[in-house]
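User: I would like to go through this model by question and answer, starting with its pocket and then turning to its sheet.

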Amino acid sequence: MSIYNIIMIKYDAASKIGKIRDAANKLILSEIEKHGVEGIAPSHGDILMCLYKKNGLSVKELAEKIHRTQPTVTVLIDKLVKLGYVEKRKNQEDSRVTIITLTEMGKQLEPIFKDVSRKLNQVIYGSLSVSEKEQLEQLLDRILKSF
């Protein structure tokens with residue numbers, strides 16, 4: 001196999017991954033808008049889903065969980081604060097640490113986000129067997145770790 005073919009295969013995989021991400025983001029936005037929720041981006045969903053699992057996480061913890069930098073997460077959180085979905089407060093033990101918690105309005109979005117997540121998983125995994133799902137997850141984990 002020539003180096004050109006190897007490069008094209010790698011580019012093709014990256015291109016497909018990018019197209020899948022774009023399609024997933026479109027689906028997420030479409031589903032969220034169907035519920036009348038405005039101003040939320042798919043990247044906000046990562047933060048909200050973490051807070052649904054454990055409410056009251058630091059910016060650092062959120063950044064680690066969603067694999068983003070702290071400055072990026074801070075910008076995303078600031079938007080969620082403006083929209084009224086989360087609150088920021090200083091940690092009582094260490095005032096350098098900012099804790100993010102859901103507001104009542106943010107908590108009310110949980111069933112919507114769980115429904116959107118279910119629909120997204122249905123599209124991604126719907127036609128795959130259990131072993132194919134496991135294999136896909138393993139391959140994607142290996143690719144992610146290589147970066």
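User: Which helix gives the most residues to the lining of the largest pocket?

Analyst: This is a predicted model. Helices that each supply at least two residues of the lining of the largest pocket are α1 (3–34), α2 (42–53), α3 (59–66), α6 (110–125) and α7 (130–146). With nine residues, the helix that gives the most is α1.

User: What is the volume of the largest pocket, and which residues are the closest to its centre?

Analyst: The volume of the largest pocket is about 2000 Å³. Its lining comprises 34 residues. Those closest to the centre are Arg-21, Asp-46, Leu-120, Ile-124 and Leu-140.

User: How many residues of that lining are nonpolar, polar and charged?

Analyst: The lining of the largest pocket holds 34 residues. By class, eight of them are charged, six are polar and 20 are nonpolar.

User: Why do the buried residues of α3 line one face of the helix?

Analyst: Buried here means under 20% relative accessible area. In α3 the buried residues are Val-59, Leu-62, Ala-63 and Ile-66. Viewed down the axis of α3, these buried residues line one face because they fall within an arc of 100°.

User: What covers the buried residues of α3, and which residue just after this helix has a positive phi?

Analyst: The cover over the buried residues of α3 includes α2, α4 (70–83) and the strands β1 (57–58) and β3 (98–102). Just after α3, a positive phi of about 60° is taken by His-67.

User: In what order do the strands of the open sheet lie, and which are the edge strands?

Analyst: The open sheet is formed by three strands with antiparallel pairing, in the order β1-β3-β2. An edge strand here pairs on one side only, and the edge strands are β1 and β2 (86–90).

User: Which residues of β3 are buried on each side?

Analyst: β3 is mostly covered, with five of its five residues buried. Both faces of the strand are covered.

Methods:
Residues are numbered from 1 along each chain as its sequence is written. This is a predicted model: local features need pLDDT of at least 70, side-chain atom pairs count only at pLDDT 80 or more; totals for chains, interfaces and linings use all residues. Side-chain values use heavy atoms; hydrogens and water are left out. On a 1 Å grid over the protein atoms alone, a cavity is a set of points where a 1.4 Å probe fits but cannot get out, and a pocket is an open set with protein on both sides within 12 Å along at least five of seven lines; lining residues have an atom within 4 Å of a point. Grid points are joined across faces, edges and corners, and a volume is the space filled by probe spheres set on the points. Helices (H or I, at least four residues) and strands (E, at least two) are DSSP runs, numbered from the N terminus. Ala, Val, Leu, Ile, Met, Phe, Trp, Tyr, Cys and Pro count as nonpolar, Asp, Glu, Lys and Arg as charged, and the others, Gly among them, as polar. Buried means under 20% relative accessible area, exposed over 50%, partly exposed in between (1.4 Å probe, protein chains only). The arc is that of the directions from the helix axis to the C-beta atoms. Contact means heavy atoms within 4.5 Å. Two strands pair if DSSP finds at least two bridges between them.
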